[in-house]
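Subject: Structure for you to look over

Dear colleague,

I am handing over the structure below, and I would be grateful if you kept it open while you read the notes that come after it.

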Amino acid sequence: MKVYRLAVIPGDGIGPEIVEQALRVLDAAGERFGFRFDYTPCLLGGCAIDAGGTPLPEETLRVCREADSVLLGAVGGGKWDHLPGQQRPEAGLLGIRAALGLYANLRPARVFRPLKDASPLKNEIIAEGLDIMLVRELTGGIYFGERGRREQNGVPAAYDTEQYTVPEIERIARVGFEMAQKRGNKLCSVDKANVLESSRLWRETVTRLAPEYPGVALSHMYVDNCAMQLVRDPHQFDVILTSNIFGDILSDEASMLCGSIGMLASASLSGGSFGLYEPIHGSAPDIAGRGIANPLAAILSAAMLLQYSLNEPKAALAIEAAVHDALTELRTPDIYVEGCQKIGTAEMGTAIVERISRCL
């Protein structure tokens with residue numbers, strides 16, 4: 001029997017609760033499809049600060065580098081907001097992405113049919129559902145550029161620098177083109193080339209690569225227009241390729257089109273099969289420990305882990321099918337509607353496990 005080594009980072013807030021359910025689902029999928037897991041827990045973020053004074057311990061990096069993949073819950077919370085930027089939990093998240101070379105972030109925005117009415121979009125816009133893949137560059141741009149504070153014209157000022165190199169753009173663009181080849185052969189590259197020099201280089205580089213992918217229809221769009229088009233006509237998009245900061249914003253917008261940020265998974269990949277998988281929602285400290293957090297984004301992140309890092313597509317599809325089936329009658333409070341049964345975090349995990357185990 002195959003044994004996969006997973007680094008598990010529960011993190012802060014609701015992270016431990018939702019990761020627990022994701023691990024239960026992974027174990028159920030492994031039992032059904034003939035593999036199992038060796039889990040090693042790690043610290044990252046606020047809990048790591050509390051334990052050792054740093055948001056990203058070296059031991060966490062060591063464990064992650066030795067693993068086949070990484071599953072992460074959530075990082076951060078108001079408890080640590082008073083700390084300087086490089087000492088806050090989010091610095092640990094940025095740091096692990098850079099240290100592990102996780103430059104490609106995949107964020108699917110998918111409306112499960114039972115959740116169609118939860119979308120804020122009108123029925124005539126959402127139609128039978130929504131399935132968009134956003135490919136975000138993750139280790140460059142303004143989040144990793146030169147920054148600081150200074151005095152300018154006698155007053156305090158601060159700056160953050162947006163910069164991309166051609167190799168950085170090329171490697172993420174290739175991920176976007178290859179993802180489009182696996183889906184609908186449509187790639188929309190999003191930038192702000194009418195204003196930003198970094199976006200002009202981005203557009204030039206993506207355009208230059210396009211002839212290598214003759215079956216993919218490439219288009220370009222300014223980020224402000226893309227934000228508008230996502231709510232006006234989301235079905236025009238298949239794969240969206242964009243920079244770090246634009247991807248951060250657009251993926252959160254796309255998540256709300258799906259009805260709840262508690263449903264959205266993500267994968268952060270390196271050049272090979274290694275990846276870090278996490279729900280895109282935050283740590284939600286206000287509901288931590290109450291047993292009401294939605295674990296489905298973490299569970300769907302685990303499904304992405306099976307698909308993209310472990311090459312277990314049947315297991316991944318079984319998890320997605322189980323989630324779809326559960327949503328026809330069961331809901332956590334964030335996605336509850338009248339006529340469904342309202343359940344908690346652990347109960348939703350149990351529902352997914354049972355559906356996988358009885359071979360839906």
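Predicted model: local features only at pLDDT ≥ 70, side-chain atom pairs only at ≥ 80, totals over all residues.

Residues are numbered from 1 along each chain as its sequence is written, and side-chain values use heavy atoms, with hydrogens and water left out.

I begin with helix H3, which runs over residues 58–66; helices (H or I, at least four residues) and strands (E, at least two) are DSSP runs, numbered from the N terminus. Its buried residues are Thr 60, Leu 61, Val 63 and Cys 64, where buried means under 20% relative accessible area, exposed over 50% and partly exposed in between, with a 1.4 Å probe and protein chains only. These four lie on the same side of H3 because they cover an arc of only 165° around the axis, the arc being that of the directions from the helix axis to the C-beta atoms. They pack against strands S1 (2–11), S2 (35–41) and S3 (69–74) and against helix H4 (89–99), whereas the exposed residues Glu 58 and Arg 65 sit on the face turned away from that buried side.

Helix H9 (residues 244–257) has 14 residues and spans 20 Å from its first C-alpha to its last, close to the 20 Å expected at 1.5 Å a residue, a figure that is 1.5 Å times one less than the number of residues. Within H9 lies Asn 244, which is buried, with a relative accessible area of 0%. The side chain of Asn 244 makes a polar contact of 2.7 Å with that of Arg 136; such a contact is a pair of N or O atoms within 3.5 Å, and within protein one must be able to donate a hydrogen and the other to accept it, with residues adjacent in sequence counting only if both atoms are side-chain atoms. Just after H9, Gly 259 takes a positive phi of about 105°.

Turning to the cores, a nonpolar core is a set of buried Ala, Val, Leu, Ile, Met, Phe, Trp, Tyr and Cys residues joined through side-chain atoms within 4.5 Å. In the largest one, of 92 residues, Met 263, Leu 306, Val 323 and Ile 352 touch the most other members. Helix H10 (residues 296–308) gives the largest share of this core, nine residues. Apart from it lies another core, of 18 residues, including Ile 9 and Cys 42.

With best wishes

Methods: Contact = heavy atoms within 4.5 Å.
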